[in-house]
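Here are a few notes to read alongside the model. Have it open as you go through them.

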Amino acid sequence: MLYKFLKKTVINSFMNNAINVRIFSFLLLLLIWEIAALLINSDVMPSPKTVLIIFYDEMIYGEMLYHLGVTLWRVILAFTIAMLVGTGLGIAMGSKKNLNIMLDGWHILLLNTPALVIIILCYVWFGLNEIAAITAVALNKIPNVLVTIREGTRAIDRKILEVADVFKVSYKKKFFNFFLPQLYPFIMAAARGGISLIWKIVLVVELLGRSNGIGYKLNEFFNLFDIASLFAYTLSFVTIMIIVEYSIVSPIERRLNKWRTT
Amino acid sequence: MENNLNKSIIKKPHDLFIDIISKRYEDKNQNTYNNAIKDMQFIVPQGEFCCLVGPSGCGKTTLLNMLSGLDKKLEGIIKYQDGTFPNEWPIGYMFQEPRLMPWLTVKQNVSIVTNQTSEELSHSEDLINEMDLTKYMNAFPSQLSGGMQRRVAIARAFVNKPKILLLDEPFISLDMTVANLLRKMLIKLWENQKTTIIFVTHDLREAIFLGDRILFLSKGPSKVIHDLRIDIDRPREIEDDQMEKIRTNLMKTHPEILSGKI
């Protein structure tokens with residue numbers, strides 16, 4: 001009886017609010033984590049509290065912010081290069097049939113080469129330096145961006161471009177105001193998938209051949225068997241990515257989709 | 001040809017001369033050429049509202065594409081009295097569909113085909129006001145009815161102060177009341193702006209209501225088979241006895257003219 005009453009009033013009204021559900025879901029995760037840490041009771045499964053303390057210490061007194069900054073910089077650079085090159089090639093291959101036939105084989109080759117192979121080859125050919133690291137990450141992402149943008153280019157509404165032609169709009173304007181806006185949903189989709197993939201690859205690149213960044217530190221903690229620090233560093237980057245998602249990606253997407261929702 | 005020349009007593013610089021010897025399409029499947037237009041000659045005096053009526057597939061859209069410069073391959077010549085070609089001057093075009101850009105507001109949709117100087121922006125606003133869309137200046141096309149979207153398209157067609165305005169069955173698939181309202185709005189703008197208009201339709205009543213003159217085209221390869229002047233004073237009323245008389249007379253003398261036979 002009491003449960004039914006509670007369910008009807010308190011729980012239902014609480015769970016109907018999307019933000020409440022998110023908070024509840026987050027707390028539930030913390031609880032499961034805490035219980036797991038209690039049960040296992042070992043250094044390989046630190047409790048949330050231990051991780052948070054290390055997270056705080058590392059951020060204020062340690063090198064966390066430095067490594068975080070370095071990794072973030074690599075992510076931004078690789079992401080920008082991958083988006084620009086992938087979009088350019090995608091548009092070219094989507095609109096020129098012969099170019100597509102010409103480059104498609106190379107593209108499939110690159111798409112199916114394991115990330116690790118690309119990273120190793122870049123380090124071997126260019127040396128253990130920043131250029132090799134960024135190139136390796138960008139090369140891993142370019143084929144994915146290309147696929148999405150090529151699809152988008154094929155779906156372009158020619159009738160809208162004809163409007164630009166009859167009104168004799170300049171080439172620049174035709175591209176930026178009649179062509180590119182039609183690609184925005186595809187560019188957003190590519191960017192969204194891009195950021196999460198890129199930061200994961202950046203960590204591998206750092207682990208294999210750099211002496212700073214989150215990936216480098218994770219390797220160090222692995223060798224020292226310091227799982228609590230490993231958690232703390234992971235947490236830092238996940239936090240950054242959540243902030244990026246809600247403060248940059250989502251607002252841009254909402255702006256671009258304004259005409260759709262209304 | 002000579003007859004027509006004499007009718008327009010005062011020659012104006014933008015009287016339009018159309019003399020197409022032939023316009024052919026390559027049929028890639030059968031490796032042959034299809035004649036779309038053959039020996040088509042007519043003159044449209046500057047400022048005239050000229051309707052083109054013909055059966056479907058008589059190359060009306062092809063003709064408009066050649067006039068607008070979208071299609072440049074033809075045997076023959078299309079030029080103004082002063083020797084310039086139509087696509088050296090601003091051209092307005094209204095398609096069968098409104099062809100608005102869904103991601104732009106009404107005002108942006110109209111002004112995007114201009115250079116967006118402050119003068120052109122205020123001209124866009126004036127046209128939108130004249131189309132009774134003041135309230136929807138900042139609305140997106142998805143928020144408008146089909147008739148309202150067409151009104152935006154009319155405003156856009158006039159915004160670059162065209163020397164010639166081409167309309168390709170613009171009021172097709174609208175209900176009668178809406179279509180009649182749009183016809184009246186088009187006439188009002190045409191009278192203010194003094195643009196030459198070539199209006200393609202297969203609706204004879206519409207042509208008689210709108211036009212100073214109707215040219216009837218034959219089936220492909222098409223040519224002008226009848227040139228009918230509509231001498232009814234403006235403003236005209238939709239349900240008018242005079243118009244109905246012209247229509248019944250025409251149907252009596254040339255019963256098969258709408259299917260392209262004289």
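This is a predicted model: local features need pLDDT of at least 70, side-chain atom pairs count only at pLDDT 80 or more; totals for chains, interfaces and linings use all residues.

1. Let's begin with where the chains meet. On the chain B side, 27 residues are in contact with chain A, and chain A brings 17 residues to the contact.

2. How much area is buried between chain B and chain A? It comes to about 1900 Å², and carbon and sulfur atoms give 68% of that. As background, interface size is often quoted as the accessible area lost when the parts come together.

3. The rule finds two salt bridges across the interface of chain B and chain A. One to look up is the salt bridge between the side chains of B:R99 and A:E162, at 3.0 Å from N to O.

4. Which elements of chain B give two or more residues to the side that touches chain A? They are strand 5 (91-94) and helix 5 (146-159). Strand 5 of chain B has the largest share, with three residues. Sorted by class, that side of chain B has 15 nonpolar, nine polar and three charged residues.

5. Last, take a look at helix 8 of chain B, residues 241-253. Its 13 residues reach 18 Å from first C-alpha to last, close to the 18 Å expected at 1.5 Å a residue. At the start of helix 8, a side-chain oxygen of B:D240 comes to within 2.8 Å of the backbone nitrogen of B:Q242.

How values were computed. Residues are numbered from 1 along each chain as its sequence is written. Chains are lettered from A and ligands numbered from 1 in the order in which they are written. Side-chain values use heavy atoms; hydrogens and water are left out. Contact means heavy atoms within 4.5 Å. Buried area is the accessible area (1.4 Å probe) that two parts lose on being put together, summed over both. A salt bridge is a side-chain nitrogen of Lys or Arg within 4 Å of a carboxyl oxygen of Asp or Glu. Helices (H or I, at least four residues) and strands (E, at least two) are DSSP runs, numbered from the N terminus. Ala, Val, Leu, Ile, Met, Phe, Trp, Tyr, Cys and Pro count as nonpolar, Asp, Glu, Lys and Arg as charged, and the others, Gly among them, as polar. The expected span of a helix is 1.5 Å times one less than its number of residues. A polar contact is a pair of N or O atoms within 3.5 Å; within protein, one must be able to donate a hydrogen and the other to accept it, and residues adjacent in sequence count only if both atoms are side-chain atoms.
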